[in-house]
Amino acid sequence: MSRLQQNLLKRQQPTTSSTPAEHPMKAPAEPLAMEEDVEMEREMLSIHNSDLQVQSYAMPVAAAALPTPLTQDSIEKIVQGILEMQQQRPEQKMRQTKPCLACGQPKSRYGTDGSSIHFFYQQGPVRYFYCSRKVHQTYAAEGLSDPRMPFEQFAASEFFQRELEATKKRVEEKARRQRPDSQPPDRLCRFCHLTLKQGPNSPHIHTRFPGVACKHIYCPSKVYSLYRDKGMAREMTWKEFVATPFFEAERRRWMKERTK
């Protein structure tokens, strides 16, 4: 007989030898509580599977938290705490809508006082802001008479296409100014104000004097300004200049200037 069966038989046997007639109305002092017998509970849980170890945990019954009644002092403390938290937070600046330069109203469809009508229109990269008072001031001399013309009526007129073209040109010009140049601008000569780069559109020649390792840029205008008082009659090409006595004078002057 197993240990569990022995425990059950012990509980079924009467605790005293007295007959039921001697105590006809006597009830058991305490009902059988299975959960109070820890040993029996362990035996019952181990009946199904001897390999399975089951542990039972007694969950304490938490007392129900009674709500605390609110008093005038507690309410004042709560309000004071909220105000202090709001003061400690950094102040966030409200985003203000930019005003329209033509009518002075905010650049919003619904923020005006009704004296002008605003509308935002976008076509590809072109974004157009419509102000009825602005277009009235611009095209009043050409027949636009309503300072509160709705955008749908203005879009059907010939003035709308002119406004789009002007806006498109402004966008392209702004993009061109912001676009970085792919190549830096060429250096210009301070005598002839032409590019120092040698090419078909430039009179400059990049060459070297005999016996000198440094490069020399020949400018006809500069050489003529240096030797005009000494008899040079006109600006010369590099081949013509090499055949004149000014060539040697220019070589000595340039070498002297390089050694400074």
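Begin the tour at the lining of the largest pocket, whose residues divide into 10 nonpolar, 3 polar and 6 charged, where Ala, Val, Leu, Ile, Met, Phe, Trp, Tyr, Cys and Pro count as nonpolar, Asp, Glu, Lys and Arg as charged, and the others, Gly among them, as polar. The model is a predicted one, in which local features need pLDDT of at least 70 and side-chain atom pairs count only at pLDDT 80 or more, while totals for chains, interfaces and linings use all residues. Residues are numbered from 1 along each chain as its sequence is written, and side-chain values use heavy atoms, with hydrogens and water left out.

Select Lys-107, Arg-127, Phe-129, Thr-167 and Arg-170, which of the 19 lining residues lie nearest the centre of the largest pocket. A pocket here is an open set of points on a 1 Å grid over the protein atoms alone, where a 1.4 Å probe fits, with protein on both sides within 12 Å along at least five of seven lines, and lining residues have an atom within 4 Å of a point. Colour α6 (158-178) next, since helices (H or I, at least four residues) and strands (E, at least two) are DSSP runs numbered from the N terminus; the largest share of the lining, 7 residues, comes from α6.

Now move to helix α4 (residues 132-139) and show Ser-132, Val-135 and Tyr-139, its buried residues, buried meaning under 20% relative accessible area, exposed over 50% and partly exposed in between (1.4 Å probe, protein chains only). They cover an arc of only 70 degrees around the axis, taken from the directions from the helix axis to the C-beta atoms, which puts them on the same side of α4. These residues pack against β2 (126-131), α5 (151-155) and α6.

For the aromatic rings, of which the structure holds 19 pairs, select Tyr-121 and Phe-151, whose ring centres are 5.7 Å apart with planes at 40 degrees, so the pair is tilted. Rings of Phe, Tyr and Trp (its six-membered ring) pair if their centres lie within 6.5 Å, and planes under 30 degrees apart count as stacked, over 60 as edge-to-face and the rest as tilted. Because Tyr-121 lies in strand β1 and Phe-151 in helix α5, the pair ties together parts that are 30 residues apart in sequence. At 24% relative accessibility Tyr-121 counts as partly exposed, whereas Phe-151, at 8%, counts as buried.

Finish at Leu-196, in the loop between α6 and β3 (205-207), which counts as buried at 16% relative accessibility.

Conventions: Contact = heavy atoms within 4.5 Å.
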